[in-house]
Amino acid sequence: MASRYRIGQDPDYVPLGRRLLLLNWTLVLLLTILSCIGFAMLYSAANGSLQPWAERQMMRFVAGLVFMILIALTDVRIWLKMSYAAYVVSLILLVAVEIKGDIGMGAQRWINLGFFQLQPSELMKISLVLALARYFHGLTIEETGRIPLLIPPLLMVLAPAALVLRQPDLGTALLLIAGGGVIFWLAGVRMWKFGVILGGALAAIPIGWQFLRDYQKNRVLTFLNPENDPLGAGYHITQSKIALGSGGLFGKGFMLGSQSHLNFLPEKQTDFIFTMLGEEFGLVGGIALLLLYTLVIVYGYVIALRCANQFGRLVAIGITTTFFLYVFINIAMVMGLIPVVGVPLPLVSYGGTVMMTILVSFGLLMSISIHRDVRISRQGNDDGRH
């Protein structure tokens, strides 16, 4: 007969000393290297000054690193219990942005906390993964196949995506939908249901086009033909391609990029920071950065595969896939392979909430790695029952 264990008697309890040993220090090192590359590029973007970007980013990284390690050392079952609450809080913050948020660059995406500009849509990326993972953790494979039981998680994805789209932030809305879709698929939802949703989405494109803002329409049209308006809507992507091409094999050298330092390259500290890196360090520098990202992504998926419980697997895969989408969309965007949607390059682009969100998410990933053998019942109990 199963009985509830006290923390010291819990067979799945991992002592603090062992947690420190099990902490994935290699992953911590990789994230630190990526962040240091970001500091260097922000220093270059400011023409050899720590202000206004590099110093702030360094301070945020140090704070985020502390949070990441604290989260990693916390029992994964605590995060399971807090998952729905985190989702509700993030959703309330998104509604608060809709009612009264700070407007920046034509979009209303931030809440001014005085000492920090909070972007709730970034918090929702983690909260949505946690909430969906907890929901599907409580279902059997047979229950996952029942359409009525798929309505609640579908609403959990669509509600924040709709709020984010109204800000407007098409890139983040797409990330929420794509990340949620991956968890649906891995939880066992059959492909034909995705086909139905995809077909409905394609059929709704002519209707959805009418609701896009003018600048969003211009981005799509510019993607299809960037040379049509090289000094207007096509300026960003045209300059990005010029900068990437001028970098050649080894680049022009640190802080010697002409396109970026003569201010031809727009948003060089955020969306187009990979372009600046490509101009200064060339193809070799760009490939080296991609290899670092690849190692981080591989670590994430390996952690997911080694996890013994469904909740941990889904969270790990959701976090890693979201990170992959960040990298893929940003780099494809600056190369002109997809329309410009305003997705930053993780840990390299300037941005406080994005930096903190990514480090917190990797804290969760490492918590899952440390507690990969912990048994969690479908009801979320921590007493070792299945």
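Author: A cavity is a set of grid points where a 1.4 Å probe fits but cannot get out, and the volume of a cavity is the space filled by probe spheres set on those points. The model discussed here is predicted.

Reader: How many cavities of 30 Å³ or more are there, and about how much space lies in the largest cavity?

Author: Rolling a probe the size of a water molecule over the atoms shows where empty space is left. With the threshold of 30 Å³ or more, the count comes to 2 cavities. The space in the largest cavity is about 110 Å³.

Reader: Which element gives the most to the lining of the largest cavity?

Author: The lining includes K125, G318, T322, Y326, S361 and F362. At least two lining residues come from each of α5 (120–137), α15 (310–334) and α16 (352–370). With 5 residues, the element that gives the most is α15.

Reader: How many nonpolar, polar and charged residues has the lining of the largest cavity?

Author: Lys counts as charged, and Gly is among the polar residues. K125 and G318 are both in this lining. By class, the lining of the largest cavity has 1 charged, 4 polar and 7 nonpolar residues.

Reader: About how much space lies in the second largest cavity, and which element gives the most to its lining?

Author: The second largest cavity holds about 60 Å³ of space. Two or more of its lining residues come from each of α5 and α8 (170–187). Among the lining residues are L175, L176, G179, G180 and I183. The most, 5 residues, is given by α8.

Reader: Turning to aromatic pairs, why is the pair of Y43 and F254 stacked?

Author: A search of the whole structure finds 8 aromatic pairs. For Y43 and F254, the ring centres are 6.4 Å apart and the planes stand at 15 degrees. Planes under 30 degrees apart count as stacked, so the pair of Y43 and F254 is stacked.

Reader: How many residues apart in sequence are the parts that this pair ties together?

Author: Y43 belongs to helix α2 (residues 25–45). F254 is in the loop between α12 (235–246) and α13 (258–261), so the pair ties together parts separated in sequence by 211 residues.

Notes: Residues numbered from 1 in each chain as written. Predicted model: local features only at pLDDT ≥ 70, side-chain atom pairs only at ≥ 80, totals over all residues. Heavy atoms only, no water. 1 Å grid on protein atoms, 1.4 Å probe; cavity = no way out; pocket = protein on both sides within 12 Å on 5 of 7 lines; lining within 4 Å. Helix = DSSP H or I, 4+ residues; strand = E, 2+ residues; numbered from the N terminus. Phe/Tyr/Trp six-rings, centres within 6.5 Å; stacked < 30°, edge-to-face > 60°.
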